Amino acid sequence: MSNTRYTADHEWVRLEAGVATVGITNHAQTALGDIVFVELPDPGREIEAGEACAVVESVKAASDIYAPLRGHITETNPEIIGDPAMVNRDPESEGWFFRMIPADLAAFDALMDADAYAKLVGSL
Amino acid sequence: MSPPSLSPPRRTPLYALHEQLGGRMVPFAGWSLPVQYPTGIIAEHRQCRERAALFDVSHMGQFSLHGPNAAAALETLAVGDLTGLRGGRQRYSLLTNDAGGILDDLMVGRLNETLHLVVNAGRAGEDFAHLSAHLPAGTDLRRHPDRALLALQGPLAVDALARLCPAAAAMSFMDFAALDVAGIACLVTRSGYTGEDGFEISVPSDAAETLARRLLAEPEVAPAGLGARDSLRLEAGLPLWGQDIDELTTPVEAGLTWALGKRRRMAWDFPGAAAIRNHLDNGAPRKLVGLLPEGRAPVRAGTVLLAEDGSAAGTVTSGTFAPTCDAPIAFAYVRRGVSQDGTPLAALLRGKPVPAVVAPVPFVPHRYVR
C-alpha cells in the first residue's frame with residue numbers, strides 16, 4: 001500500500017514516520033511550465049489545511065501552493081530555491097517543497113490515492 | 001486588453017500545425033494561439049536569442065491603404081512622418097485620440113502607392129472602424145483576413161530565410177519588399193518584436209502552412225509561442241498595447257516621443273497634438289520606465305511601487321522572469337520625480353516590500369541589421 005496521497009490542487013503528500021513531505025505533481029509542473037521562482041513557508045509555521053503557504057512562479061504566472069493538511073512546518077527544500085527548475089525535472093522526488101508534522105493522521109488517509117488522482121487528471 | 005468574448009477563439013491558418021507540434025493552445029485577443037510548445041518558454045526564448053524562432057502572428061490585423069494620398073490621409077490620424085516614408089521602407093507609428101492617448105500602435109510599410117498596416121489583434125476591429133470613419137475621402141482601405149503573418153526572428157533568421165528567398169539577405173532593418181519566398185508571393189519586412197534581427201512575412205493564408213513547414217525544416221529554425229514572444233519583447237523594451245500603453249497614456253508618458261517625427265513635431269498636426277505638446281513642454285506626470293527587482297521573484301502587472309519615503313510611486317504594467325537576463329524585469333508607470341534611472345523603489349510583493357531600481361531599457365541590447 002502506497003504512502004503517497006494527492007490533493008485536488010495537484011500536490012502530493014508522502015507520509016514517513018509521522019512526517020509528511022509535500023510537493024507538486026508532475027501534472028502540475030507540466031501545466032505551470034518553466035518554474036523560475038519558489039517561495040516556501042518558514043519552518044515552525046502552523047498551517048491550516050487549504051491555507052496558501054507557498055508560491056511557485058513560472059515565466060507566465062504565479063500560483064499558490066496550499067497546505068494539504070493541518071500541522072506545522074518542520075523543514076523546507078533549499079535546493080529548489082537555488083534551482084527552481086528542479087521542480088520541473090523531478091517534481092515528485094528531489095523537487096519536494098516542505099516537510100510538516102500533520103496534526104491529524106486520519107486527514108492524510110482521506111486524501112486521494114494514486115488511482116483516484118490519476119482519474120482526476122484524466123478527467124481534466 | 002480585449003473584452004472577454006462569448007464566441008469561440010478564432011483559428012489561424014497554422015492551427016493544425018500548432019496542434020501537430022504539441023503547442024499548448026490558449027485564447028489570446030480572440031484567437032487560439034500556442035503559448036508554448038513542448039520545449040517550453042525558456043528554451044524557445046533562447047532559441048530566438050541564439051538561433052532562429054518562428055512565431056505565428058497571424059492574429060495581427062493586416063490592412064492596406066491605397067491611393068496617391070494614402071500617407072497624407074493616414075497622417076490625419078497617426079503620428080510620424082508617413083509622407084516621408086519611401087517605397088520599400090517601414091515605420092512604427094501610433095494612432096492617437098484628441099486627448100493624446102494611444103488608440104493603437106502599428107507598423108506602416110510602403111510599396112508604391114500602397115501602405116501596408118499591421119495592427120494589434122485586439123484592436124483590429126476598432127482600428128478599422130476608426131480609420132474607415134475618419135480617413136479623408138480618396139483612399140481605399142481594406143482588411144486582409146486572407147493573409148497570415150509569420151515572424152522569423154533571431155541572429156540566424158537571415159541564413160534560413162535566404163535559402164528560400166536570396167533577396168531577403170540584402171534587406172536592412174525596416175526594409176519592406178514584395179518577394180517570393182519558396183516560390184510563394186509574400187510581403188517581407190526586416191523587423192520584429194524581439195529585439196533581434198529577423199523578418200515578418202505576410203503570406204496568403206492558403207500557403208501559410210506550406211511556408212511555415214519550409215521554414216521549420218531549415219536547421220536553424222524552431223517554433224516559439226506567445227510566452228517567449230512576451231519575454232523577448234519585454235527584454236527588448238518594447239511596450240504592449242493594452243498592458244503598457246493605451247488610450248489613457250500619451251506617447252510622451254510611454255517613452256515613444258521618437259515616433260512622433262521631426263516634421264510632425266514642427267507642424268503639431270496629429271490628433272492630440274496639443275496634449276502631447278503640453279507633456280513635452282511641461283513634463284509628463286508619469287513615465288513608463290524599466291524596473292529591475294532585487295532577487296529572483298517576478299514582479300507582475302498591477303504590483304504597487306513605493307518611493308524611498310514610503311509614498312506611492314507607481315504601478316507595474318508588465319513583468320516577468322527574463323531568461324536572457326536571468327533575473328526578473330518589469331515595466332512600470334512611475335510619477336515624475338522617481339523616474340530617473342537608478343532611483344531606488346520598493347515593489348509590494350505579496351505584502352512584502354522588495355527593492356527594485358529604475359533601469360534603462362532595453363534590458364537586452366537590440367541587434368538589428370542596419
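**Close-ups of a predicted two-chain model**

**View 1. Polar contacts and salt bridges link chain A and chain B.** Between chain A and chain B there are 11 residue pairs in polar contact, counting pairs with both residues at pLDDT 80 or more. A polar contact here is a pair of N or O atoms within 3.5 Å; within protein, one must be able to donate a hydrogen and the other to accept it, and residues adjacent in sequence count only if both atoms are side-chain atoms. On chain A, the elements that give two or more residues to the side touching chain B are helix H1 (26-32), strand S4 (35-39) and strand S6 (52-58). Helices (H or I, at least four residues) and strands (E, at least two) are DSSP runs, numbered from the N terminus. That side of chain A splits into seven nonpolar, three polar and four charged residues. For these classes, Ala, Val, Leu, Ile, Met, Phe, Trp, Tyr, Cys and Pro are nonpolar, Asp, Glu, Lys and Arg are charged, and the others, Gly among them, are polar. The interface also has four salt bridges (a side-chain nitrogen of Lys or Arg within 4 Å of a carboxyl oxygen of Asp or Glu). One salt bridge pairs Glu57(A) with Arg300(B), at 2.6 Å from N to O.

This is a predicted model, where local features need pLDDT of at least 70 and side-chain atom pairs count only at pLDDT 80 or more, while totals for chains, interfaces and linings use all residues. Residues are numbered from 1 along each chain as its sequence is written, chains are lettered from A and ligands numbered from 1 in the order in which they are written, and side-chain values use heavy atoms, with hydrogens and water left out.

View 2. Val36(A), Val59(A) and Lys60(A) supply 43% of what chain A buries against chain B, more than any other three residues. In all, 14 residues of chain A and 18 residues of chain B take part in the contact (heavy atoms within 4.5 Å).

**View 3. The second largest pocket has a volume of about 360 Å³.** Its lining has 26 residues, and the closest to the centre are Arg10(B), Trp31(B), His59(B), Ala124(B) and Arg143(B). On a 1 Å grid over the protein atoms alone, a pocket is an open set of points with protein on both sides within 12 Å along at least five of seven lines, a cavity is a set where a 1.4 Å probe fits but cannot get out, and lining residues have an atom within 4 Å of a point. Grid points are joined across faces, edges and corners, and a volume is the space filled by probe spheres set on the points. The pocket lining holds 10 nonpolar, 11 polar and five charged residues.

**View 4. The largest cavity has a volume of about 50 Å³.** Among its lining residues are Leu14(B), His18(B), Tyr37(B), Phe55(B) and Asp56(B). S4(B) gives the most to this lining, with three residues.

**View 5. Two backbone details in chain B stand by themselves.** Val361(B) and Pro362(B) are joined by a cis peptide bond, with omega about 0°. Met174(B), though not a glycine, has a positive phi of about 75°; Met174(B) sits in the loop between helix H5 (157-164) and strand S11 (176-181).

Note on methods: Buried area = accessible area lost by both parts, 1.4 Å probe.
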